[in-house]
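Here's a quick briefing to read with the model open beside you.

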Amino acid sequence: MFVAVAASGATAKFVFTTDPQTIKPNEISGPITVQSQNANGEKANTTETIDLEFSSTSLTGEFLNSSGNPVSTVMAKNTANRTFYYRD
């Protein structure tokens, strides 16, 4: 599960822009991207740094960056897309 906290300004919602994936045990997923969008469903850059929360119902699930390290929990100001990976 991905949750964006304290969204404001031009951002009205965050949506997944990648197709659902089946992830095999102990393998890293393909890229998973979320996008900030305005009320019309159009890509909208954030007007401030956004704190993100990543959680899994699995005790062993982890969210990673492209290097395989724990993903950062912020979305930088003036960005609209955030890509991460998942392994369980």
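What follows is a short tour, from the overall layout down to single residues.

This is a predicted model, where local features need pLDDT of at least 70 and side-chain atom pairs count only at pLDDT 80 or more, while totals for chains, interfaces and linings use all residues. Residues are numbered from 1 along each chain as its sequence is written, and side-chain values use heavy atoms, with hydrogens and water left out.

**The big picture**

- The chain has seven strands and zero helices; both kinds of element are DSSP runs numbered from the N terminus, with helices being H or I of at least four residues and strands being E of at least two.
- Of the 88 residues in the chain, 27% are buried. Here buried means under 20% relative accessible area, exposed means over 50%, and partly exposed is in between, using a 1.4 Å probe and protein chains only.
- Looking at contacts between residues at least 6 apart in sequence, 62% join residues at least 24 apart; a contact means heavy atoms within 4.5 Å.

**The sheet**

- Four strands make an open, antiparallel sheet in the order β2-β3-β7-β5. Two strands pair if DSSP finds at least two bridges between them.
- At the edges sit β2 (13-16) and β5 (62-64), each pairing on one side only.
- On average, neighbouring strands of this sheet are turned by 35° against each other, direction ignored. Axes are lines fitted to C-alpha atoms (for helices, over the stretch in contact), and angles run from 0 to 180 degrees between N-to-C directions.
- As background, strands of a sheet pair through backbone hydrogen bonds, either parallel or antiparallel.

- β3 is joined to β2 by four bridges, and the two run antiparallel. Phenylalanine 16 stands opposite valine 34.
- Four bridges also link β3 to β7 (residues 81-87), again antiparallel. Across this pairing, valine 34 faces arginine 82, and threonine 33 faces threonine 83.

**The core and β4**

- Ten residues make up the largest nonpolar core, among them Ile32, Phe63, Val71, Met75 and Tyr86. Such a core is a set of buried Ala, Val, Leu, Ile, Met, Phe, Trp, Tyr and Cys residues joined through side-chain atoms within 4.5 Å.
- β3, β4 and β7 are the elements that give two or more residues to this core, and β4 gives the most, with three.
- β4 is two-faced: Ile50, Leu52 and Phe54 form its covered side, while Asp51 and Glu53 form the uncovered one.
- Two bridges join β4 to β6 (residues 74-75), which run antiparallel; aspartate 51 has valine 74 as its bridge partner.

- Serine 36, in strand β3, is buried, with a relative accessible area of 0%. A polar atom of its side chain lies 2.3 Å from the backbone oxygen of alanine 44. Contacts of serine 36 beyond four places in sequence include Thr11, Phe14, Thr46 and Met75.
- Threonine 46 sits in the loop between β3 (32-37) and β4 (50-54), and counts as buried because its relative accessibility is 2%. A polar atom of its side chain is 3.0 Å from the backbone oxygen of alanine 76. Beyond four places in sequence, its contacts include Ser36, Met75 and Asn78.
- Threonine 83, in β7, counts as partly exposed because its relative accessibility is 35%. Its side chain makes a polar contact of 2.8 Å with that of threonine 33. A polar contact is a pair of N or O atoms within 3.5 Å; within protein, one must be able to donate a hydrogen and the other to accept it, and residues adjacent in sequence count only if both atoms are side-chain atoms.
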